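Look at the structure first, then read on.

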Amino acid sequence: MTTSSHRVWKYGDKVNTDVIFPGKYTYTISRDPAALARHALEDLDPTFAANVGTGDVIVAGRNWGNGSSREQAVTCLLAAGVHAVIASSFARIYYRNAINSGLLVIECPQIVAAVKTGDRIEIDLAETRIIAAGRSYDFAPLPDQVLDILEAGGIIPWLRTKALRHGE
Amino acid sequence: MIAVGGVKGAGPASALTLTEKLLARSSGRTSVKPGDIVIVEPDIVLSHDNTAAIWEVFQQLPHGNVKHPDRLAITLDHAVPPPTAKHAQNHARIRQFAQGQGIRNFYEIGRGICHQVLCEEGVVGPGLTLLGADSHSPHCGWLGAFGAGIGRSEVAALWATGELWLRVPETMRITLTGKLAGGVTTKDLTIYLIGKLSSDGATYMAVEFAGDGISGLSPDARAVLTNMMAEMGAKNACMAPDSVTWDWLKASLERARPQEAGERLDYFRESALYPDVEANYALEHQIALGGIEPMVSCPHTVDNAQPLSAVEKTRVDLGFIGTCTNGRLEDIASAAEILRGKRLRRRLLVIPASSMILRDATAAGYITDLLDAGATIGTPGCGPCMGNHMGVLAPGEVCISSANRNFRGRMGQREAEIYLANPAVVAASCVAGYLVHPAEVTDGESA
Ligand code: SF4
C-alpha cells in the first residue's frame, strides 16, 4: 500500500523563497524546528503556520521556490509537517534543496487547476500518480539517484550511510 | 528588439558551448552533452554568513575534516558589522571554523560581498568552476567561469567529498549587438529581458552571452548580466573572456595579491575556455542594445518590468544603491554625477560592494559628492538587500533600489514596496521624490 491521503493548501505561480521563509531570519534560525515552522509561508499566507497539519501538501503553479538558495524555505515546510509540494514547475535550487532535505517534490502541471485549498488528494508513489476527486494524474518518475537520496531522508543521511559503509 | 532565433542545434556533437566545456573540464571528461549527469569537482566552494549553519550540518557526517580546504572561500558579508549579538556569535563560529580548517580564502567583515570579492581577489577566474551556497553564484560567469548556486546541505557534502553531481544544462545564447544609449545600462537590459522571458525563462538552463555588443561593455556592466540571470532561473550564466576581462583581472590581481598576480594570471590563461563556433544552442535570442530604454521592476517580482516612462512620478520614500548587482564603482560614479551640487529630497543609502570600490570611490571624490548631497554611506556588504539590517524598510515605505530582488518582505517588511532600477535612476528619483529619468533632474539643473 503506497497510497497516502493529504489535505491541500493551494497557491499560485512564482511563489518565491522570500515569502516562504523571510530572509531576515536566515542567520538566526537555522535548525530549530519550532522556530522554522512558526515562520513558514509568513509573507505569503499568514494563516498557514497556525493551521497546517502533519501530512498536508502544497499544490502550486509555475516556478515554486524561485529566488534564494536558503534551505529553510524547504526545511520550514518539513518542520511544519508538510508531506510534499506538488507544482507545475520548480526553481532549480529549490528542487535540489527539497530532495537533499528529504521533502517530496512532484512536478505535475495537470493537477494544479483541478484542486483547491481544503481538498483531499492521494499520492501513489509506486504508480507515480495523484488521485483527486476520483481522477488520476500521472507524473514522471524521479531518477533513481534522486529517489535514493529522498528515501534516505536527504543528502546528509544518504552520504553518512554511504561513508560509513565504505569505512571512509 | 528581441528576436527569438529558435532552436539551432545543427552543429557537430563535438562542438560545445562554453558551459559544456566548463563542466567537461570540472568533471574530467573530454566532452559532455545536455542531460548528462556528471560528477564535478569544483575549483571553488563559496559560503558566507551561512558557513556556521553549514558547519553544523557537516558535523553530522563522519568525515571530520574538509577534504580540500584550499578550495573553500568564505566571506562575511550578509550581516556586517553584526547587528545583534546572535549575528556576532554566528561570525565568531565561522572564524573558529575557518581557523580550525586552515581556510586561506577567508575574508573578514567590511571586505565586501562574496561575488565581488572572489572576482577581485582572483579566487575565481576564467575556466574555473564555482559552486556556492548563494543563489547569485552565476555572477562569476562574467569572467568566463561556471558558477551555480546550491543549498547548504550540498555544500556540507562538498566539503566532505570534494564532488557533487550536476545535470549538464541546455544552453540559451543571448547575442548582443550595437551599443546602449546614454543613461541606459545593463541593469535595464536585464530587467527588460526578465520581463520578456519571465522569472522562469531560463530555468534549468545555462545562459551564454555573445555578440559584438559585449566588447563595448565595461567589466562593471558585464557582471550585472550574469548576476541578474539568477532572476531568470538560470543554473549559470557566462561569457567568453576577452581583452577587457584580462585587463581587469590583471589590474585587480596586482592590487589584491601583488606577489602571486603573475602566477595566478598564467594559471587563468591556461584554464580559460571558449565556446566552439558550431556549438549547439537550445535557444537563441538577439538583442539590439540601442533599442533598450530605462526599465523598472515594479513590486513584487523582478519580471514585473515596465519602462521607466510608464511609471514615472511614482512616489518614493528612500533609495538604496549597492549589492552584488549594482554596487560597483561605475554605479557609484553615475549616482555621484547626478548628485554633485544637489540636495537629496529623499533618504539615499549607498553601500559599495567591496572595500576596494569604497576606496576608489573615495579617491575619486564620489563619496564626498554623495555625502554633500545628504546620502548615507554603509559598510561594504549586503546591507539591507535581504532584510537583515542597516536600512530595512518601515511599513508602507516605497524604496527604489539598485538590487536584484524586490520580493515582498525582501527588505525586512512585507507592507513595503520595492522598485528596482539602475543606480542613476535611483539617485535621480531620490532628488525628485518620485521615479524619474535622470535626464530630467540634470536638465532641470542646467536650465
Ligand atoms: S547583495 Fe543581496 S543578492 Fe547579493 S549576495 Fe548579498 S544578499 Fe545576496
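## Cavities in the model

Helix 5 (residues 92-101) of chain A gives the largest share of the lining of the second largest cavity, three residues. Helices here are DSSP runs (H or I, at least four residues), numbered from the N terminus. This is a predicted model: local features need pLDDT of at least 70, side-chain atom pairs count only at pLDDT 80 or more, and totals for chains, interfaces and linings use all residues. Residues are numbered from 1 along each chain as its sequence is written, and chains are lettered from A in the order in which they are written.

A cavity is a set of points on a 1 Å grid over the protein atoms alone where a 1.4 Å probe fits but cannot get out; lining residues have an atom within 4 Å of a point. Volume is the space filled by probe spheres set on the points, which are joined across faces, edges and corners. The whole structure holds five cavities of 30 Å³ or more.

| Cavity | Volume |
|---|---|
| Largest cavity | about 250 Å³ |
| Second largest cavity | about 130 Å³ |

Of the 15 residues lining the second largest cavity, the closest to its centre are Gly67(A), Ile93(A), Ala230(B), Gly233(B) and Ala234(B). Domain 1 (1-31 + 169-240 + 275-293) and domain 2 (42-162 + 242-265) of chain B both give residues to this lining, so the second largest cavity lies between them. Domain bounds come from an automatic or database domain assignment.

The largest cavity is lined by 26 residues; closest to its centre are His48(B), His78(B), Asp134(B), Met386(B) and Arg410(B). Helix 4 (114-120) and helix 11 (323-326) of chain B each supply at least two lining residues there.

Conventions. Side-chain values use heavy atoms; hydrogens and water are left out. On a 1 Å grid over the protein atoms alone, a cavity is a set of points where a 1.4 Å probe fits but cannot get out, and a pocket is an open set with protein on both sides within 12 Å along at least five of seven lines; lining residues have an atom within 4 Å of a point.
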